[in-house]
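Me: Got a model open here and a few things to check. Can you walk me through it?

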Amino acid sequence: MSLLLLINQNIYQKGGGKKSFHFMIKNSFIPVISQKKKKKKTPGSVEFQVFNFTNKIRRLTSHFELHPKDYLSQRGLRIILGKRQRLLSYLSKKNKIRYKNLINRLGIRDSQIR
């Protein structure tokens, strides 16, 4: 889904020591996974919001592989997970077919909590 490029750069210091830096470069926009064009595909739609939250979640989980002690980002991840869960719960109550199509396209598990 998301293009993520990690660059490991080693810099040699005066005293003979070696210091390494990790840089992370990502795409600023990832197009929506949509085979059909719909007239009502707006940034405010539930599908679009869930798609954006899923991209943020995947980006943050890959970030935690390099930075396991980034606790503020972990808090942000939990907030995003809650927002996505509430949107998916809303969509499952309103329209089961759209809900099933969305979770199949994004590859997320069906929620046990309703």
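Me: Is Glu47 buried or exposed?
Reply: This is a predicted model, and in it Glu47 is buried, with a relative accessible area of 10%. The cut-off for buried is under 20%, so 10% qualifies.

Me: Which element is Glu47 in?
Reply: Helix H1, which covers residues 46-66.

Me: What does the side chain of Glu47 make a polar contact with?
Reply: With the side chain of Arg98, at 2.6 Å. The two side chains also meet in a salt bridge, with that 2.6 Å being the N to O distance.

Me: How many salt bridges does the count come to?
Reply: The count comes to 2 salt bridges. One is Arg98 with Glu47. Another is Asp110 with Lys100, where the closest N and O atoms are 3.1 Å apart.

Me: What does the pair of Asp110 and Lys100 tie together?
Reply: Lys100 is in helix H3 and Asp110 lies in the segment after H3, so the pair ties together parts that are 10 residues apart in sequence.

Me: Changing topic. What is the secondary structure of the chain?
Reply: There are 3 helices and 2 strands. From the N terminus on, the order is β-β-α-α-α.

Me: How do H2 and H3 cross?
Reply: H2 takes in residues 71-94 and H3 residues 96-106. Their axes come within 6 Å and cross at roughly 135 degrees. That angle makes H2 oblique to H3.

Me: Why oblique, and not antiparallel?
Reply: Because roughly antiparallel needs an angle over 145 degrees, and this crossing is roughly 135 degrees.

Me: Which residues make the contact?
Reply: On the H2 side, Leu88, Leu91, Ser92 and Lys94. On the H3 side, Lys96, Arg98, Tyr99, Leu102 and Ile103. Arg98 in that list is also the salt-bridge partner of Glu47.

Me: What is the makeup of that contact by class?
Reply: The contact of H2 with H3 has 5 nonpolar, 1 polar and 3 charged residues.

Me: Next one: where is Leu77, and is it buried or exposed?
Reply: Leu77 is in helix H2. It is buried, with a relative accessible area of 12%.

Me: What is Leu77 in contact with, leaving aside its neighbours within four places in sequence?
Reply: Ile57, Leu60, Thr61 and Phe64. Leu60 is 17 residues from Leu77 along the chain, and their C-alpha atoms are separated by 6.9 Å.

Me: Last thing, the whole chain. How much of it do buried residues make up?
Reply: Buried residues make up 25% of the 114 residues. Glu47 and Leu77 are among the buried ones.

Me: And what share of contacts join residues at least 24 apart?
Reply: Among contacts between residues at least 6 apart in sequence, 40% join residues at least 24 apart.

Technical notes: Residues numbered from 1 in each chain as written. Predicted model: local features only at pLDDT ≥ 70, side-chain atom pairs only at ≥ 80, totals over all residues. Heavy atoms only, no water. Axes fitted to C-alpha atoms, helices over the stretch in contact; angles between N-to-C directions. Helix = DSSP H or I, 4+ residues; strand = E, 2+ residues; numbered from the N terminus. Parallel < 35°, antiparallel > 145°, perpendicular 65-115°, else oblique. Contact = heavy atoms within 4.5 Å. Nonpolar A, V, L, I, M, F, W, Y, C, P; charged D, E, K, R; others polar. Salt bridge = Lys/Arg side-chain N within 4 Å of Asp/Glu carboxyl O. Buried < 20%, exposed > 50% of the residue type's maximum accessible area, 1.4 Å probe, protein only. Polar contact = N/O pair within 3.5 Å; in protein donor to acceptor, adjacent residues only side chain to side chain.
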